[in-house]
Amino acid sequence: MTPTSLSADRDHPALAPLRDLDAELVFNDAGRPLTSVEVAHALVGVDAVIAGLDDFDAAALAGADRLRLIARYGAGVDNVDLDAAHARGVAVTRTAGANAAAVAEMTIALAFAAARGIPILDAGVRAGEWPRGRGIELGGRSFGVLGFGAIGRHVAALARGLGMRVSAWDPLLPDAEMAAAGVTPRALDDLCATSDVVSVHVPLVPTTRHLLDATRLAMLPPGGIVINTARGGILDEEAARAALDAGRLHAVAVDVYESEPPSASPLIGHPRVVSTPHSAGHTAEAVTRMAEGTVAAVIALVRGQEPEGLVSARRAPR
């Protein structure tokens, strides 16, 4: 097999099956997602790529002379131009559900951190201070889940376990399916108006960009909390900052940003914003599941089989 470009840990045990095939492994040593220009250079002579959050736009794929598979190391494919990949005969897979537990647990952790102002308390003690914070309790409050896929379902179950009243919105699912999971189906605006905590678990597509804008943030009950562990751009960061400054929101917790790293984000540094570095899905267990899933997709390609997690099928290029 000709070179396989990987952005995974070069010593991860999940790579063993590729080494057994005598595949030449090429790694991303930049320590960050690659830009479109960098991806274009990296794809020359490569048959398959295990893709993180690198930019796989049409320009990046234009020089992919041998590429047959983009195996996304994660659930989202918003960083991959699916039309361009399909036009070039490149299949795209993802590891949906592999990091669902990790993201769900991080979501609940962020909910507690936001509700109790844990980062500020921690920083104060580290600085030799003894701050007296006054947070809010989550038990008995209402929790709204935007998107009821694998992650949203797990989040809902954890929130119910805390004694919260959980509702969900997902335009792709029948209400009966959400009700069967023990949550109350609601229309989007109704969910925002009735949820003390709103957590985002939808993909970033044109219809979800700024889904939580100034209008919907204003619908939340006074002192609401917003959590985004899905994709930057779903939450309007300028509108969220304005809602915080106006005292309408108790706190915002974000793991993802409209631009990453988020040096220009209006949310960074705000005392009532909990910020983490797009790390919700990064647990030892989730990393192993995602690595094994992407390697399995590459192995399937080599064997002429259809890989699991197929988002866009390969076809003969024009």
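**Salt bridges**

Me: What does Glu38 count as, by relative accessibility?
Reply: Partly exposed, at 27% relative accessibility. Buried means under 20% relative accessible area, exposed over 50%, and partly exposed in between (1.4 Å probe, protein chains only). This is a predicted model, where local features need pLDDT of at least 70 and side-chain atom pairs pLDDT 80 or more, while totals for chains, interfaces and linings use all residues. Residues are numbered from 1 along each chain as its sequence is written, and side-chain values use heavy atoms, without hydrogens or water.

Me: Which side chain does Glu38 meet in a salt bridge?
Reply: That of Arg32, at 2.7 Å, N to O. A salt bridge here is a side-chain nitrogen of Lys or Arg within 4 Å of a carboxyl oxygen of Asp or Glu. Arg32 is partly exposed too, at 39%.

Me: How many in the whole structure?
Reply: The search finds eight salt bridges. One of them joins Asp78 to Arg231, closest N and O atoms 2.7 Å apart.

Me: Where do those two sit?
Reply: Asp78 is in the loop between β4 (69-72) and α4 (82-87), and Arg231 is in the loop between β10 (224-228) and α11 (237-245), 153 residues apart. Helices (H or I, at least four residues) and strands (E, at least two) are DSSP runs, numbered from the N terminus.

Me: Arg231, buried or exposed?
Reply: Buried, with a relative accessible area of 12%, whereas Asp78 is partly exposed at 36%.

Me: What about Arg241 and Asp245?
Reply: Their side chains meet in a salt bridge of 3.0 Å, N to O. Both lie in helix α11, four residues apart, about one turn of the helix.
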